[in-house]
Amino acid sequence: DAAYGVYEFCVDAPSVTLPKAMIARPDVAIVTTVEHDHLMFYKTLEGVADQKSLLFNGLVPGGTVILNRDNALFDRLLAAAKAKGVRSIMSFGTHAEADVRATAFDMSDDGSRVKALVHGVAVEYQLKQPGRHMIMNSLAVLAAVEAVGGDVVRAAADLGDYAGLAQRVERHRVEVEDGHFDIIDDSFSANPASIRAGLDVLSLQRPGAGGRRLAVLGEIKELGKDSPAIHAALSDSVMAAKVERLFTIGDDMLPMRDKLPKQILGAHCASGVELSTAVAAEIRAGDVILVKGSRRTPENTAPTIKALLAKAAKGPKKKVDRTDAAVPGDRKDVLPPAAGAGRNLPPIWSGAELVRATGGTWLGAGKEAVKAYGVCFYFSQVRKGDLFITTSRQNWGCAYQDNHDCLKDQQGLQINAIYL
């Protein structure tokens, strides 16, 4: 019953971008950026851009495409939108020709203050999330608000109330006996650009007395044959962030370590548990630690987050300053209830309705009793009560060659699924 819906698309599986676009039929299609990601599938940045432009195929007549004017692939995306017959195209960024343009901004360790022009209308607002990448995201949001006829001045003011999402530059303050240390949990996903953005956020932080800037970096998946060189190039960002201790996991991180001063190198580990032990042993009061890795291998960084949170001093006077978001690593924690599940809200569909709508066959018992409260396309994000939609070729982010086997093994999680 919501007036607006915001859906995040990704292009990590070549066969699903276009079908999802045709299902969603967006009124506004935003391409936030094009960076080195999923090159195993698309080979070049141009290939990534072309895949993202498939979103335009699903745009409703009269819809709007919003593009990053600062991105090197802007012209290619612009041409693709025009080739699809899109007439309403907006841009955002710091570029002088951007329709929604940041004219000034001041970044700090806990947020930013931004001045911008939205087609000539001046707005000024604050963000609670630090980092230049969040400023760029906010400009895209304002462009979308204008595209649907919203009040951009009010929207800009409301951005200051946005508290952020779990595992996306999420802050935890852990109280220990002799003070506290801070965790920046940015472990939801990783590509080279987002690792640089995370390191930029770390560079803004101010460690406490005797504290250091630490980083835990997991290798990035699906970068293809150039993966070692792409990882090695991240060394400059590590140095720019003034990282004093670096922990890594994944063989493709080794070329980066080879380019860094030996005195800043912490443990390089083969497993997430081994890594978590090494990090937990070195953390101390005053430290600020960034944890960043690929969602394709959540086991790499999830144990580290869990181990660091477990360092909290025992007793009522000490607590962990954190959100209610689940701590990754424990399966029951990864599956919070879907929206509506257990909250006396009506489900989206029943099992029987799903069978009628799809013409499919129900596998298992109780189709009349099953209720779906949300929709999810990726196993690593699925929540109890979700309707999970997958294809036989989709990577679920779990250690199975066949997704149907993965589904059968996880029946205890109470996931409803359509398997195509």
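Strand β2, helix α4 (residues 74–83) and strand β3 (residues 88–93) form a right-handed β-α-β unit, where right-handed means that, with the strands pointing away from the viewer, the path from the first strand over the helix to the second runs clockwise. Helices (H or I, at least four residues) and strands (E, at least two) are DSSP runs numbered from the N terminus. This is a predicted model, in which local features need pLDDT of at least 70 and side-chain atom pairs count only at pLDDT 80 or more, while totals for chains, interfaces and linings use all residues. Residues are numbered from 1 along each chain as its sequence is written, and side-chain values use heavy atoms, with hydrogens and water left out.

- Five of the five residues of β2 (residues 64–68) are buried, so the strand is largely enclosed by the rest of the structure; buried means under 20% relative accessible area, exposed over 50%, and partly exposed in between, with a 1.4 Å probe and protein chains only.
- In a regular strand the side chains alternate between the two faces of the sheet.
- From β2, T64, I66 and N68 point one way, whereas V65 and L67 point the other way.
- Strand β1 (residues 28–31) runs parallel to β2 and is joined to it by four bridges, with V28 having T64 as its bridge partner; two strands count as paired if DSSP finds at least two bridges between them.
- The pairing of β2 with β3 is also in the parallel sense and extends over five bridges, and here S91 is the bridge partner of L67.

**Helix α4**

- The buried residues of α4 are F74, L77, L78, A80 and A81.
- Seen down the axis of α4, these buried residues fall within an arc of 160°, so they line one face of the helix; the arc is that of the directions from the helix axis to the C-beta atoms.
- On the face turned away from this buried side, α4 carries the exposed residues D75, K82 and A83.
- The cover over the buried residues of α4 includes β1, α3 (45–52), β2 and β3, where contact means heavy atoms within 4.5 Å.
- After α4 comes G85, whose phi is positive, near 85°.

**Nonpolar cores**

- The largest nonpolar core has 45 residues, of which F56, L199, V238 and L246 touch the most other members; such a core is a set of buried Ala, Val, Leu, Ile, Met, Phe, Trp, Tyr and Cys residues joined through side-chain atoms within 4.5 Å.
- Among the elements that each supply at least two residues of this core are β1, α3, β2, α7 (192–204) and β12 (288–292), while α4 gives the most, with five residues.
- Apart from this core lies another, of 23 residues, among them I66, A102, A143 and A155.
- Not counting residues up to four places away in sequence, F56 touches A29, V31, V65, L67, L77, A80, A81 and K84.

- At 1.5 Å a residue, the 16 residues of α5 (residues 132–147) should span 22 Å, and the end C-alpha atoms are 23 Å apart, which agrees; the expected span is 1.5 Å times one less than the number of residues.
- The buried residues of α5 include M134, L139 and A143.
- H119 lies in the loop between β5 (111–118) and β6 (121–127), has a positive phi near 50° although not a glycine, and counts as partly exposed at 44% relative accessibility.
- E222 is found in the loop between β9 (213–218) and α8 (227–232), also has a positive phi, of about 65°, without being a glycine, and counts as buried at 11% relative accessibility.
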